[in-house]
Amino acid sequence: MPGAPDIALAFENDGPDMDTMVNFLMEEERRAEDGTLQEEREVALDFYNGEPFGDEVDGRSQLVTRDVAEVVDDTVAELLDIMVSGDKVVEFTHPDKGVAEEATHAVGREFHDGQDGFRILQDWIKSGLLEKSSVAKVCVEPQPPKRREAVLSVEEMSAMAEQGVQFIASAQMDDEGQQWGVAWLEEQAPKFRDYVTPNEEFGVASDARDLDTGCIYNVFKMRKTLSEIAAMGYDASDLWDDGNESLTALSSVRDDGQNENVVDYRTGANRAVWFLEEYARYDLNGDGIAELLKIHRVGKTVLDVEEVDEQPGVVWCPFPMPGRITGHSLADKVMDIQRTRSVALRQTMDGFYFQNNPRVWLNESSQGDTTIDDLLTSNR
């Protein structure tokens, strides 16, 4: 809209508008946490890990079958075989076949060699089959400039300077000044990255039907140290968050109870906080149109606001429901089978135990001096 203030300028000016936006973000973050869905995911992970059901009886069989784990792991293997057994991760089409083949080869090489593409696919598939949905973050990460050093002649230095290179250090290498040891910063090409985000570290507006069409809010939550945040160019000296135990509950279940130390005891630059990368449709510049904003925030402190064209999240659900982001998982279809087979197995084993080692009832009036020893002796 002509005459509308710039997003970056509105962010830099701060003031009441920013306070209103922070309150909006915190409320959307709270509403994006679906406690019921998280509990259902925890139950599915307990079934996968073969945890007890909670109604076990002392002295009776407590066996648990592993149907969920077997079905999910087998399905993951089958899907991976389809996706990675060929020589093409994706295939591009273009009027110029050479361009299409080059793009197909480049993307496949970057996906598998530039990162651990096999593990990314495995985690994305398995998370969806177990936890109803899974989220991948597909993004381009800027890389910091790399320091370069070399011994150059005056002519070489002049040529580089004409190309826009700015030297950050120099030292004369000979008495005549014909050679110099110089250093400069060389810009690095950005890298394409794919991340599988744990479900407890992702949130989306409860009324969203997908992430791209009319989604008011979604967030990626990352545990970062103050040192990492400072390396991103932000002032991390006074950053604090309120903590969030709900973000560690599902993670603890996924770790099979092995990572129970969720208290961050580190201080200084190694102190960790929840770093939020939020994508919100919000009218910050007052032009009457809610722009899609990328916001970096820790607690109540907004570190950066940038208007973007799209958000980087991709959600996969194995059995989607119409008009919903989250549908059903494969585990949902197998958990009742695991429960039924476990109960049947327990009763079968209890029957074997009782049959192979029965107990004898004896009237008290019939007891003698050796009755107790005789009953405690089993000849089977």
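Asp-67 forms a salt bridge with Arg-341, and their closest N and O atoms are 2.6 Å apart. Asp-67 lies in helix H4 (residues 67-84) and Arg-341 in helix H10, so the pair ties together parts that are 274 residues apart in sequence. A salt bridge here is a side-chain nitrogen of Lys or Arg within 4 Å of a carboxyl oxygen of Asp or Glu. Helices (H or I, at least four residues) and strands (E, at least two) are DSSP runs, numbered from the N terminus.

The model is predicted: local features need pLDDT of at least 70, side-chain atom pairs count only at pLDDT 80 or more, and totals for chains, interfaces and linings use all residues. Residues are numbered from 1 along each chain as its sequence is written, and side-chain values use heavy atoms, with hydrogens and water left out.

Back to the opening pair. Asp-67 counts as buried, because its relative accessibility is 10%. Arg-341 is partly exposed, with a relative accessible area of 44%. The cut-offs are these: buried means under 20% relative accessible area, exposed means over 50%, and partly exposed lies in between (1.4 Å probe, protein chains only).

By the salt-bridge rule, the count comes to 19. Side chains of opposite charge can pair when their charged atoms come close. Which residue forms a salt bridge with Glu-110? It is Arg-193, with the closest N and O atoms 3.8 Å apart. Glu-110 lies in helix H5 and Arg-193 in strand S3 (residues 179-197), so this pair ties together parts that are 83 residues apart in sequence. Glu-110 is partly exposed at a relative accessible area of 30%. Arg-193 counts as buried, at 17% relative accessibility.

Another salt bridge stays within one helix. Arg-30 pairs with Glu-27, and the closest N and O atoms are 2.6 Å apart. Why are Arg-30 and Glu-27 separated by about one helical turn? Because they are three residues apart in helix H2 (residues 16-31). Glu-27 counts as partly exposed, at 30% relative accessibility.

Salt bridges also form a network. Glu-29, Glu-33, Lys-221, Glu-278 and Arg-297 are linked in this way. Asp-55 is found in the loop between H3 and H4. Asp-55 is partly exposed, with a relative accessible area of 40%.

Now turn to helix packing. Helix H3 (residues 35-49) and helix H10 (residues 330-356) pack at an angle of about 55 degrees, with their axes 10 Å apart. The axes are lines fitted to C-alpha atoms, for helices over the stretch in contact, and angles run from 0 to 180 degrees between N-to-C directions. H3 and H10 are therefore oblique to each other. Angles under 35 degrees count as roughly parallel, over 145 as roughly antiparallel, 65 to 115 as roughly perpendicular and the rest as oblique. H3 passes H10 in a left-handed crossing.

Val-107 counts as partly exposed, at 35% relative accessibility. Together with Val-89, Val-90 and Phe-92, Val-107 makes a nonpolar surface patch of about 270 Å². Patches are made of residues with over 30% relative accessible area and no salt bridge; like charges are joined within 9 Å, and nonpolar side chains (Val, Leu, Ile, Met, Phe, Trp, Tyr) within 5 Å. Accessible areas come from the Shrake-Rupley method with a 1.4 Å probe, and for residues only the protein chains shown count as cover.

The loops complete the walk. Lys-132 is found in the loop between helix H6 (117-131) and strand S1 (134-153). Phi of Lys-132 is near 80 degrees, a positive value in a residue other than glycine. Is Lys-132 buried or exposed? Lys-132 is buried, with a relative accessible area of 8%.

Asp-210 lies in the loop between strand S4 (202-204) and strand S5 (217-225). Asp-210 is partly exposed, at a relative accessible area of 30%. Asp-210 and Arg-41 are 169 residues apart in sequence and 20 Å apart in space, C-alpha to C-alpha.

Note on methods: A crossing is left-handed if the near helix is turned anticlockwise from the far one by less than a right angle, and right-handed if clockwise.
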